[in-house]
Amino acid sequence: MLLTVHATAGALIGQQINNPLLAFILSFVSHFVLDLVPHGDQDWIDEYKGDQKSKVVKIIMIVAVDIVILLGLLVSRFYFIDSFATGLSIASGIIGGLLPDFLVGCHELSNRLFKKFYRFHFWIHDLIKVKPTAFQGVAFQVIITGILLLSFR
Ligand SMILES: [Zn+2]
């Protein structure tokens, strides 16, 4: 699932909870709950027919667009409306929401670190054997992000 969705869920949890440690833990758990729902993006990579180099370029493009959208939200008023205390919980929630994919990335790059965590992440990811199309996956993630953004106080 896109980083934007995980970060937005983490920010919302941080805003609602207003406790940095609890926000981090709940956002970390929310990552797996969101990844459990079939969301199509694994096929964006798996079913790509190009060579390895163009596959890597495609992954970088997807992550770059994802990060640009996420940065746009981070500097927008959506995430930071209340006091500094809430801001700390929101930041903590965003980090907790993104950490699982960061650890997965560390394993992908090292091929050693966080191996069990990596397996657990994709076990959750592939638990429900429904495969939406890429379009359905994007539409689903846009709708989820919209609902999360509308839920901010
Ligand atoms: Zn993930």
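The crossing of helices α1 and α7 is left-handed, meaning that the near helix is turned anticlockwise from the far one by less than a right angle; clockwise would be right-handed. The model is predicted: local features need pLDDT of at least 70 and side-chain atom pairs count only at pLDDT 80 or more, while totals for chains, interfaces and linings use all residues. Residues are numbered from 1 along each chain as its sequence is written, and side-chain values use heavy atoms, with hydrogens and water left out.

**Helices α1 and α7**

- The axes of α1 (residues 3-17) and α7 (residues 134-150) come within 9 Å and cross at roughly 20 degrees.
- Axes are lines fitted to C-alpha atoms, for helices over the stretch in contact, with angles from 0 to 180 degrees between N-to-C directions.
- Helices are DSSP runs (H or I, at least four residues) numbered from the N terminus.
- α1 and α7 are therefore roughly parallel to each other (angles under 35 degrees; over 145 is roughly antiparallel, 65 to 115 roughly perpendicular, the rest oblique).
- On the α1 side, the contact (heavy atoms within 4.5 Å) is made by Thr4, Val5, Thr8, Ala9 and Leu12; on the α7 side, by Gln141, Ile144, Thr145, Leu148 and Leu149.
- By class, this contact of α1 with α7 has six nonpolar, four polar and no charged residues.
- Ala, Val, Leu, Ile, Met, Phe, Trp, Tyr, Cys and Pro count as nonpolar, Asp, Glu, Lys and Arg as charged, and the others, Gly among them, as polar.

**Positive phi in loops**

- Most residues other than glycine have a negative phi.
- Asn18, in the loop between α1 and α2 (20-36), has a positive phi near 55 degrees.
- Asn18 has a relative accessible area of 39%, so it is partly exposed (buried is under 20%, exposed over 50%, partly exposed in between, with a 1.4 Å probe and protein chains only).
- Phe114 lies in the loop between α5 (84-110) and α6 (115-125), and its phi is also positive, at about 55 degrees.
- Phe114 counts as partly exposed because its relative accessibility is 38%.

**Val37**

- Val37 sits in the loop between α2 and α3 and, at 32% relative accessibility, is partly exposed.
- Val37 and Leu150 are 113 residues apart in sequence and 20 Å apart in space, C-alpha to C-alpha.

**Confidence**

- The protein chain averages a pLDDT of 88 (the predictor's confidence in each residue, from 0 to 100), and 91% of the residues score at least 70.
- Confidence is lowest in helix α3 (residues 41-46), with a mean of 68, and highest in α2, at 97.
- Where pLDDT is low, the predicted coordinates should not be read in detail.

Methods: Helix = DSSP H or I, 4+ residues; strand = E, 2+ residues; numbered from the N terminus.
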